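Hi,

Here is the structure I said I would pass on.

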Amino acid sequence: MGPPGAGKGSQASRITTKYEMPSISTGQMFRDAYNAGESIGINAMEFIKDGNLVSDDITNEIVRLRLHKEDTTTSFLLDGFPRTVAQAIALDGMLVDMDSNLDAVINILSSHDVLFERMEQRRVCKKCGATYHLRFKTPSVDGVCDVCSGELYQREDDSHESVKRRLEIYETKTKPLLEYYSDRGILYHVNGMQDFDKVTEDIFLVLDDIK
Ligand SMILES: [Zn+2]
């Protein structure tokens with residue numbers, strides 16, 4: 001968890017590589033569905049491009065379908081879900097159904113200034129979803145993905161107005177979730193304003209400890 005731009009996606013890919021688990025990113029699933037011309041993706045993108053949250057029903061459904069795949073039996077990482085208390089309650093139901101549970105909720109702390117700066121400089125690979133930053137994590141060739149040679153672009157929801165809106169929505173709808181998980185004793189805070197590698201290190205410390 002963490003506000004938009006806190007580095008959730010990048011940290012998620014490091015976690016899933018180290019602990020060998022699938023990453024379930026609702027944002028990425030919606031973008032994939034959109035690129036494939038699927039109606040769920042086209043519907044979702046209407047919300048996402050303006051910086052709004054996709055409705056709970058659509059979001060819960062795409063996660064439920066994903067959790068039913070075989071690769072989630074041992075472990076999995078959720079990235080960008082749940083984003084509302086209603087989604088967290090729905091997730092609890094899904095986990096009961098699959099006889100599973102959450103071990104940890106990692107919250108990446110960051111300030112709004114840092115977030116604006118990061119998101120406006122963010123570029124994403126059209127093909128594999130890898131993320132870059134024009135100052136801190138530049139691709140070797142301008143506009144080209146290091147991983148798969150795909151084309152890099154700026155996500156529509158990374159524009160200034162959209163970022164502002166996403167931060168407001170985060171404060172009102174997503175922040176209450178912190179209390180929801182803190183009450184259960186599974187919430188861990190990590191300082192997201194440090195060097196990218198240090199943030200990863202801190203997350204690994206938390207996860208190694210609860211394994
Ligand atoms: Zn790529």
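Helices here are DSSP runs of H or I with at least four residues, strands are E runs of at least two, and both are numbered from the N terminus. By that count, I169 lies in helix α7 (residues 160-174).

Before the rest, some housekeeping. The model is predicted, so local features need pLDDT of at least 70 and side-chain atom pairs pLDDT 80 or more, while totals for chains, interfaces and linings use all residues. Numbering starts from 1 along each chain as its sequence is written, and side-chain values use heavy atoms, without hydrogens or water.

Back to I169: it is buried, with a relative accessible area of 13% (buried is under 20%, exposed over 50%, partly exposed in between; 1.4 Å probe, protein chains only). Leaving out residues up to four places away in sequence, I169 touches G51, N52, L53 and T174 (contact is heavy atoms within 4.5 Å). The C-alpha atoms of I169 and N52 are 7.5 Å apart, across 117 residues of chain.

Now the rings. Searching the whole structure gives 2 aromatic pairs (Phe, Tyr or six-membered Trp ring centres within 6.5 Å; planes under 30 degrees apart are stacked, over 60 edge-to-face, the rest tilted). Y19 and F204 pair edge-to-face, at 5.7 Å between centres and 85° between planes. Y19 sits in helix α1 (residues 8-19) and F204 in helix α9 (residues 196-210), so this pair ties together parts 185 residues apart in sequence. Y180 and Y181 are also edge-to-face, with centres 5.2 Å apart and planes at 90°. Y181 is buried, at 1% relative accessible area.

Cheers
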